Amino acid sequence: MKMIFAIVRPEKLKDVTTVLDSKGFSSLTEMSVRGRGKQRGIHIGNMIYDKLPKEMVIIVCQNKDYEEIIKIVIETAQTGNIGDGKIFVVDVGEEYTIRTGEKSKEDV
Ligand SMILES: Nc1ncnc2c1ncn2[C@@H]1O[C@H](COP(=O)(O)OP(=O)(O)OP(=O)(O)O)[C@@H](O)[C@H]1O
Ligand SMILES: [Mg+2]
């Protein structure tokens with residue numbers, strides 16, 4: 001399994017989650033976050049806004065699906081301007097459903 005952390009512009013969150021849902025990826029976690037990328041925020045004269053608001057969508061998925069999910073996020077959240085966001089992917093070892101106590105089956 002993979003865990004995808006997609007950090008996107010707040011105004012893109014609804015589109016991203018709606019398209020993911022329409023393609024069969026309905027389970028996700030959303031978080032409002034603040035951060036900065038390589039431009040270190042926005043600098044206007046002496047003012048520095050170095051923690052800009054973004055939305056983070058976290059999706060745990062089967063290995064076979066993660067490239068499709070990344071493609072969906074990029075196609076949906078991209079404007080081509082700086083600050084469009086980032087996607088980070090990590091391997092996930094185990095997943096449990098609290099309701100049943102079951103450990104999810106892993107793919108390869
Ligand atoms: N290396 C990083 N580690 C953790 N979070 C990051 C990292 N880079 C960016 N982020 C997060 O992603 C958000 C958006 O980053 P941003 O889109 O500005 O990335 P960038 O690499 O500067 O790309 P661009 O040049 O397109 O602006 C940041 O506000 C921050 O929350
Ligand atoms: Mg940036």
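Modeller: On a 1 Å grid over the protein atoms alone, a pocket is an open set of points where a 1.4 Å probe fits, with protein on both sides within 12 Å along at least five of seven lines; a lining residue has an atom within 4 Å of a point. The model is predicted, so local features need pLDDT of at least 70 and side-chain atom pairs pLDDT 80 or more, while totals for chains, interfaces and linings use all residues. Residues are numbered from 1 along each chain as written, chains are lettered from A and ligands numbered from 1 in written order, and side-chain values use heavy atoms without hydrogens or water.

Colleague: What volume does the second largest pocket have?

Modeller: Its lining has 14 residues, and Ser27, Leu28, Ile59, Val60 and Cys61 are the closest to its centre. A volume is the space filled by probe spheres set on the grid points, which are joined across faces, edges and corners. For the second largest pocket this comes to about 260 Å³.

Colleague: Which element gives the most to the lining of that second largest pocket?

Modeller: Elements here are DSSP runs numbered from the N terminus: helices (H or I) of at least four residues and strands (E) of at least two. The top contributor to the second largest pocket gives four residues, and it is β5.

Colleague: Which element gives the largest share of the lining of the largest pocket?

Modeller: The largest pocket holds about 500 Å³ of space. It has 18 lining residues, with Arg36, Gly37, Gln39, Lys54 and Gly83 nearest its centre. Two or more residues each come from β2 (29-35), β5 and β6. The largest share, three residues, is from β2.

Colleague: Why do the buried residues of α2 line one face of the helix?

Modeller: Buried means under 20% relative accessible area, exposed over 50%, and partly exposed in between (1.4 Å probe, protein chains only). In α2 the buried residues are Ile69, Ile70, Ile72, Val73, Thr76 and Ala77. They line one face because, seen down the axis of α2, they fall within an arc (taken from the directions from the helix axis to the C-beta atoms) of 160°.

Colleague: Which exposed residues sit on the face of α2 turned away from its buried side?

Modeller: The buried residues of α2 are covered by parts that include β1 (2-8), α1 (13-22), β5 (52-61) and β6 (85-91). The face turned away from that buried side carries Glu67, Lys71 and Glu75.

Colleague: Which residues is Thr76 in contact with, beyond its neighbours within four places in sequence?

Modeller: Thr76 is in helix α2 and counts as buried at 14% relative accessibility. Contact means heavy atoms within 4.5 Å. By that rule, its partners are Lys12, Asp15, Val16 and Val19.

Colleague: How far apart in space are Asp107 and Lys64, C-alpha to C-alpha?

Modeller: Asp107 lies in the segment after β6 and is partly exposed, at 25% relative accessible area. Leaving out residues up to four places away in sequence, Asp107 touches Met1, Gln62, Asn63 and Lys64. Asp107 and Lys64 are 43 residues apart in sequence, and their C-alpha distance is 8.2 Å.

Colleague: What is the phi of Arg40?

Modeller: Arg40 is in the loop between β2 and β3 (42-44), and is exposed with a relative accessible area of 54%. Most residues other than glycine have a negative phi. Arg40 is not a glycine, yet its phi is positive, at about 60°.
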